[in-house]
Amino acid sequence: LSNTFTKVLVEGLTDEQLKIFANILSNKQLRALVDHLTNHQLQTFAQELNPEKLQIIVPILNDAQLEALVRDLNPEQVKEILPHLKVDQFKALIKTLNDEQFTVLAKDLAEHHLTILSKELEGDQLKALVNNLQEDQLKDLVNKLDHKKLEAIAQDLTDPNRIQTIIKSLADNPGKLQAFARNMSNKQFKELLDNVGAEELKEIIHKLPYEKVTAVIGDLSNQDQSKAIIDALKGKLEEQNEKLKEVYEKLEELLPPPVYSEALESLRS
């Protein structure tokens, strides 16, 4: 079909005729036809395409066509086109989704999608994403977020399970952990300390902001938990003191007495 003929042909097609065309055109003809479809025709046309044919047309859609296509799709249909999107199309798509589409789509996002979203999303959409991801996805996402975005999501996140997941996920990234924990409300932080297990507590308590811990420790529901926190902090301090003692002893072995005394004075100051 020539370009001119295709344009004239498309203008006269009914919805029913479009549906027929969707099933009989070759891949080359599909690509040619898409350029000339109105937004309404594109929606009608796409509804009839199987996944293989969707894969042909989705990558060649411009932002306006993509927005028109997804506007009336149900969430499951949006999921079908997700694997066929180019990076720029995916970025454009996210901004056009309604809340229902976004919520359903979130559960099927791959790691490379989360990498893109960690940079692109802010505000309410980022918070919505955090609240709708599966646990493994959430762990992946929070480690990709910068400090500013971690601070933002901490302020409004109330789900204790998600908070615990984030805290555990950031345990090996002290800077990000501090950024997130510092911006939790005292109520959220108290609930976190009330519910974290004894073994996990030992692993993370010394990595949490000291001022937040001291602010809520007297208000914990379980005094045994308060004691466990104090014991964990004390144990960490004793461990650090023991390591420091080993350093002193090693220096004493290696250095002449005058040099050792000078080094010791320097360390203590």
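**View A. Contact between helix 10 and helix 12 in the predicted model.** Glu111, Leu114, Thr115 and Ser118 of helix 10 meet Gln137, Asp140, Leu141 and Lys144 of helix 12, a contact being heavy atoms within 4.5 Å. By class, two nonpolar, three polar and three charged residues form this contact (nonpolar: Ala, Val, Leu, Ile, Met, Phe, Trp, Tyr, Cys and Pro; charged: Asp, Glu, Lys and Arg; polar: the others, Gly among them). The two axes come within 9 Å and cross at roughly 40°, which makes helix 10 oblique to helix 12. Axes are lines fitted to C-alpha atoms, for helices over the stretch in contact, with angles from 0 to 180 degrees between N-to-C directions. Angles under 35 degrees count as roughly parallel, over 145 as roughly antiparallel, 65 to 115 as roughly perpendicular and the rest as oblique. The crossing of helix 10 and helix 12 is right-handed (near helix turned clockwise from the far one by less than a right angle; left-handed if anticlockwise).

**View B. Buried residues of helix 10.** Helix 10 spans residues 111–120, with His113, Leu114, Ile116, Leu117 and Ser118 buried (under 20% relative accessible area; exposed over 50%, partly exposed in between; 1.4 Å probe, protein chains only). These buried residues pack against helix 8 (87–96), helix 11 (123–132), helix 12 (135–144) and helix 13 (147–156).

**View C. Helix 6 against helix 8.** Asp63, Leu66, Glu67 and Val70 in helix 6 meet Gln89, Ala92, Leu93 and Thr96 in helix 8. Four nonpolar, two polar and two charged residues make up the contact. The axes of helix 6 (residues 63–71) and helix 8 come within 10 Å and cross at roughly 45°; the helices are therefore oblique to each other. Their crossing is right-handed.

**View D. Surroundings of Ile167 in the largest nonpolar core.** This core has 72 residues, of which Phe45, Ile167, Phe180 and Leu208 touch the most other members (a nonpolar core is a set of buried Ala, Val, Leu, Ile, Met, Phe, Trp, Tyr and Cys residues joined through side-chain atoms within 4.5 Å). Residues up to four places away in sequence aside, Ile167 touches Leu177, Phe180, Ala181, Met184, Leu192, Ile204 and Leu208.

**All views.** The protein chain has 20 helices and zero strands (DSSP runs numbered from the N terminus: H or I, at least four residues, for helices; E, at least two, for strands). Residues are numbered from 1 along each chain as its sequence is written, and side-chain values use heavy atoms, without hydrogens and water. Because the model is predicted, local features need pLDDT of at least 70 and side-chain atom pairs count only at pLDDT 80 or more, while totals for chains, interfaces and linings use all residues.
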